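Me: I am new to this structure. Could you walk me through it, one feature at a time?

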Amino acid sequence: MAGPQPLQKRTIVKKRTKKFARHQSDLFMRIRDSSWRKPKGIDGRVRRRFKGALPMPSIGYGSDKRTRNIHPNGFKSVVVNNVAELEMLLMHNRTYAATVGKSVSSRVRRSIIERAEQLAIRVTNANARLRAEEDA
């Protein structure tokens, strides 16, 4: 089952897709791939936003409010751990899609997916940890 289609499928436009590089991360192997840290030095070119220095993250790089937290399939994601939590999405099945939690057992996972089909709720990871039982 393909599941319901999203209410509005907007094109998601990112202002910046590249990660922000940490200041002087090109000089040290130990911080080459580390996440962004704000420069705190008193003379830092990056902190003072000099021309030609690395760009610093700011609120202006934020995504459009209407397309924020939306997956490429057009739905927002909600983590579901049991069938009762799935029932909350009954009236919002064209906006939100269920994602079955990582620690959910395969027995409960099977019942969640079965109930989601009855309620016409999209499950993003419906095939995860579900194997057909082989009869020997």
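Me: Let me start with a single residue. Is Thr67 buried or exposed?

Reply: One thing first: this is a predicted model. Now the residue. Thr67 counts as buried, because its relative accessibility is 7% and buried means under 20%.

Me: Where does Thr67 sit, and what is Thr67 in contact with?

Reply: Thr67 is found in the segment before strand 1. Leave aside its neighbours within four places in sequence. Then Thr67 is in contact with Arg10, Thr11 and Ile12.

Me: Next, charges. How many salt bridges does the structure hold?

Reply: The general idea comes first. Side chains of opposite charge can pair when their charged atoms come close. Here there are two salt bridges. One joins Arg66 to Asp64, with 3.2 Å between the closest N and O atoms.

Me: Are Arg66 and Asp64 buried, partly exposed or exposed?

Reply: Arg66 is exposed, with a relative accessible area of 53%. Asp64 is partly exposed, at 32%. The cut-offs explain the labels: exposed means over 50%, and partly exposed lies between that and the 20% limit for buried.

Me: Where is Asp64, and how far is Asp64 from Lys14?

Reply: Asp64 lies in the segment before strand 1. Asp64 and Lys14 are 50 residues apart along the chain. Their C-alpha atoms are separated by 8.2 Å.

Me: Which residues form the other salt bridge?

Reply: Arg115 and Glu87 do, through their side chains. The N to O distance is 2.9 Å. This pair links distant parts of the chain. Arg115 is in helix 2, residues 106-119, and Glu87 is in helix 1, residues 83-87. They are 28 residues apart.

Me: How accessible are Arg115 and Glu87?

Reply: Both names get a label. Arg115 is partly exposed, with a relative accessible area of 26%. Glu87 is partly exposed too, at 30%.

Me: Now the nonpolar side. Which residues make up the largest nonpolar core?

Reply: There are eleven residues in all. Among them are Val80, Leu86, Leu89, Ala98, Val100 and Val104. Ile112, Ala116, Leu119, Ile121 and Val123 also belong to this core. Two elements give two or more residues to this core: strand 2 (96-100) and helix 2. The largest share, three residues, comes from helix 2.

Me: Which residues does Thr99 touch?

Reply: Again, residues up to four places away in sequence are not counted. Thr99 touches Ser77, Val78, Val79, Val80, Thr124 and Asn125.

Me: What about empty space? How much lies in the largest pocket?

Reply: Rolling a probe the size of a water molecule over the atoms shows where empty space is left. In this model, the largest pocket holds about 250 Å³ of space.

Me: What lines the largest pocket?

Reply: The lining has 16 residues. Gln8, Arg66, Ile70, Gly74 and Thr95 lie nearest the centre of the pocket. By kind, the lining divides into six nonpolar, five polar and five charged residues.

Me: Let me turn to the backbone. Which residues have a positive phi although they are not glycine?

Reply: Most residues other than glycine have a negative phi, and most peptide bonds are trans. Asn69 has a positive phi of about 65°. Ala120 has one of about 60°.

Me: Where do Asn69 and Ala120 lie, and how accessible are they?

Reply: Asn69 lies in the segment before strand 1. Asn69 is exposed, with a relative accessible area of 64%. Ala120 is found in the segment after helix 2. At 29% relative accessibility, Ala120 counts as partly exposed.

Me: One last distance. How far is Asp43 from Leu90?

Reply: Their C-alpha atoms are separated by 55 Å, and the two are 47 residues apart along the chain. Asp43 has its place in the segment before strand 1 (76-80). At 57% relative accessibility, Asp43 counts as exposed.

How values were computed. Residues numbered from 1 in each chain as written. Predicted model: local features only at pLDDT ≥ 70, side-chain atom pairs only at ≥ 80, totals over all residues. Heavy atoms only, no water. Salt bridge = Lys/Arg side-chain N within 4 Å of Asp/Glu carboxyl O. Buried < 20%, exposed > 50% of the residue type's maximum accessible area, 1.4 Å probe, protein only. Helix = DSSP H or I, 4+ residues; strand = E, 2+ residues; numbered from the N terminus. 1 Å grid on protein atoms, 1.4 Å probe; cavity = no way out; pocket = protein on both sides within 12 Å on 5 of 7 lines; lining within 4 Å. Points joined across faces, edges and corners; volume = space filled by probe spheres on them. Nonpolar A, V, L, I, M, F, W, Y, C, P; charged D, E, K, R; others polar. Core = buried A, V, L, I, M, F, W, Y, C linked by side-chain atoms within 4.5 Å. Contact = heavy atoms within 4.5 Å.
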